[in-house]
Amino acid sequence: MDAQLVAFTLFAAGMVAMPGADFTVVVRNSLASRRAGVASAIGVAAGLLVHTALAVAGVAAVLAAVPALFRALQLVGAAYVLYLAHRALRSAARPRETAQDVLTARAGGLREGFLTNALNPKASITFLSVLPQFVPAGSPAMPRTLLLASIVVALALLWFPAVALLVDRLGRWLRRPRTARAIEAVTGVALGVLGLVLLVEPVLA
């Protein structure tokens, strides 16, 4: 048994399952519909695929070496998360969701999931710093790194759709007007805090 591979899989599972903007966006869109939630989940996995590809290609090393570029991307990511927070809070203030809102959520779920993950440069840096630690000494780096990256994406494709389906399964209760508005409000606040952290961190660094 490859002990390093097992250790990495456990580490990656914890990293993928850790609540954050990705999780929040998937839950929010799952409240609109199962299709929107699953689309968001697939979008998140696609965003992770971008980061793993960048890490394998060495582009993440450039982000780590050029702080100004990293901070610029971080600010873009923060702005997008704050935009999602604004949308969630605005939705929470509405008396009820319209059919058009549901259709819009379905169409935008994939895009939101992808951009929320892809615009987070910290993910690329994390992959760059973590993946090499699980490449055995003397082994070819590229095949092993691709295997590790594939594990991360596969775990995301298992976890986030499962979250979307669970939220949809509980949808009868979660979609009650009062409950839905409360969840939208909590989601908006959570995304707002995450966005502000991303926004302020480059300034304080």
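**Exercise 1. At what angle do helix α1 and helix α8 pack, and how far apart are their axes?**

Before we start, keep in mind that this is a predicted model.

Step 1. Find the two helices: α1 covers residues 3-17, and α8 covers residues 141-169.

Step 2. Compare their axes. The angle comes out at about 40°, and the axes sit 9 Å apart.

Step 3. Roughly parallel needs an angle under 35 degrees, and roughly perpendicular runs from 65 to 115. The α1/α8 pair is therefore oblique.

**Exercise 2. Work out which residues of α1 and α8 meet, and what kind of residues they are.**

Step 1. Start on the α1 side. The residues that meet α8 are Gln4, Leu5, Phe8, Thr9, Ala12, Ala13, Val16 and Ala17.

Step 2. Now switch to α8. Its side of the contact includes Arg144, Leu147, Ile151, Trp159 and Phe160.

Step 3. Sort the residues of this α1/α8 contact by type: 14 are nonpolar, 2 are polar and 1 is charged.

**Exercise 3. Describe how α3 packs on α8.**

Step 1. Get the geometry. The α3 and α8 axes are 8 Å apart, at an angle of about 165°.

Step 2. Name the arrangement. Anything over 145 degrees counts as roughly antiparallel, so α3 and α8 fall into the roughly antiparallel class.

Step 3. Check the crossing: α3 goes past α8 in a right-handed one.

Step 4. Tally the contact between α3 and α8. You'll get 18 nonpolar residues, 3 polar and 2 charged.

**Exercise 4. Is Ser40 buried or exposed, and what does Ser40 touch?**

Step 1. Ser40 belongs to helix α3, which spans residues 34-57.

Step 2. Look at accessibility. Buried means under 20% relative accessible area. Ser40 has a relative accessible area of 0%, so Ser40 is buried.

Step 3. Look for a polar partner. The side chain of Ser40 makes a polar contact of 2.7 Å with the side chain of Asn29.

Step 4. List the rest. Setting aside neighbours within four places in sequence, Ser40 contacts Val25, Val26, Asn29, Gly109, Leu110 and Gly113.

**Exercise 5. Zoom out: how many helices and strands does the protein chain have, and what percentage of its residues count as buried?**

Step 1. Count the elements: there are 10 helices and 0 strands.

Step 2. Turn to burial. The protein chain has 205 residues, and 41% of them count as buried.

Step 3. Finish with sequence separation. Take the contacts between residues at least 6 apart in sequence; 86% of these join residues at least 24 apart.

Conventions. Residues numbered from 1 in each chain as written. Predicted model: local features only at pLDDT ≥ 70, side-chain atom pairs only at ≥ 80, totals over all residues. Heavy atoms only, no water. Axes fitted to C-alpha atoms, helices over the stretch in contact; angles between N-to-C directions. Helix = DSSP H or I, 4+ residues; strand = E, 2+ residues; numbered from the N terminus. Contact = heavy atoms within 4.5 Å. Nonpolar A, V, L, I, M, F, W, Y, C, P; charged D, E, K, R; others polar. Buried < 20%, exposed > 50% of the residue type's maximum accessible area, 1.4 Å probe, protein only. Polar contact = N/O pair within 3.5 Å; in protein donor to acceptor, adjacent residues only side chain to side chain. Left-handed = near helix turned anticlockwise from the far one by under 90°.
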